[in-house]
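User: I would like to learn how to read a few local and packing features in a model like this one. Could you take me through them step by step?

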Amino acid sequence: MSTAEKTKDSARVAILKRRLKDLQWFYAYIDSLTSAGDISADDFSAIVQKATEDFDIDRQAMAGHFSVNKGTISRWANGQSAPQTFARPTVFSWLRSQVGEREQDVQSQLCQMQTQLYQVN
């Protein structure tokens with residue numbers, strides 16, 4: 001493996017580590033809001049927006065899971081509406097599971113990249 005390829009792979013590892021750290025922070029943030037009990041409409045909107053925009057949670061899949069239309073998910077993300085307070089932890093639980101899957105994917109990719117780098121060195 002050339003030096004340029006090693007540098008490129010090292011950069012990919014750094015990106016994956018950052019992505020993993022972001023996912024872990026988000027996961028913990030969802031947990032902290034859920035454990036606090038009262039999830040405000042603003043917090044709810046921020047979480048849905050971050051999940052769908054930064055972590056590639058599919059709005060159509062989310063809409064299907066909650067039996068609402070995609071426009072409803074967009075309104076949740078934009079802060080124009082939110083489900084009843086008692087339903088918000090259920091949405092967060094689903095988002096948490098989706099983020100957990102992405103975290104596992106990133107960990108797997110990171111492991112593969114690091115293995116490749118260390119095998120070459």
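**Reading helix ends, a buried arginine and a helix pair**

Analyst: At the start of α4, a side-chain oxygen of Asn69 comes to within 3.0 Å of the backbone nitrogen of Gly71. Please keep in mind throughout that this is a predicted model.

User: What happens just after α4, and which residues of this helix are buried?

Analyst: Just after α4, Gly79 adopts a positive phi of about 80 degrees, while within the helix, which covers residues 70-78, the buried residues are Thr72, Ile73, Ser74, Trp76 and Ala77.

User: Is Arg59 buried or exposed, and which side chains does it join in polar contacts?

Analyst: Arg59, which belongs to helix α3 (residues 59-65), has a relative accessible area of 18%, and because buried means under 20%, Arg59 counts as buried. Its side chain makes a polar contact of 3.1 Å with that of Thr52, and a polar contact, also given as 3.1 Å, with the side chain of Ser74. Beyond its neighbours within four places in sequence, Arg59 is in contact with residues including Glu53, Lys70 and Ile73.

User: How are α1 and α2 arranged relative to each other?

Analyst: Two packed helices are described by the angle and the distance between their axes. Here the axes of α1 (residues 3-36) and α2 (residues 41-54) come within 12 Å and cross at roughly 155 degrees, so the two helices are roughly antiparallel, and their crossing is left-handed. Among the residues making the contact are Trp25, Phe26 and Tyr29 of α1 and Ile47, Lys50 and Ala51 of α2; the contact residues divide into seven nonpolar, four charged and no polar.

Definitions and conventions:
Residues numbered from 1 in each chain as written. Predicted model: local features only at pLDDT ≥ 70, side-chain atom pairs only at ≥ 80, totals over all residues. Heavy atoms only, no water. Helix = DSSP H or I, 4+ residues; strand = E, 2+ residues; numbered from the N terminus. Buried < 20%, exposed > 50% of the residue type's maximum accessible area, 1.4 Å probe, protein only. Polar contact = N/O pair within 3.5 Å; in protein donor to acceptor, adjacent residues only side chain to side chain. Contact = heavy atoms within 4.5 Å. Axes fitted to C-alpha atoms, helices over the stretch in contact; angles between N-to-C directions. Parallel < 35°, antiparallel > 145°, perpendicular 65-115°, else oblique. Left-handed = near helix turned anticlockwise from the far one by under 90°. Nonpolar A, V, L, I, M, F, W, Y, C, P; charged D, E, K, R; others polar.
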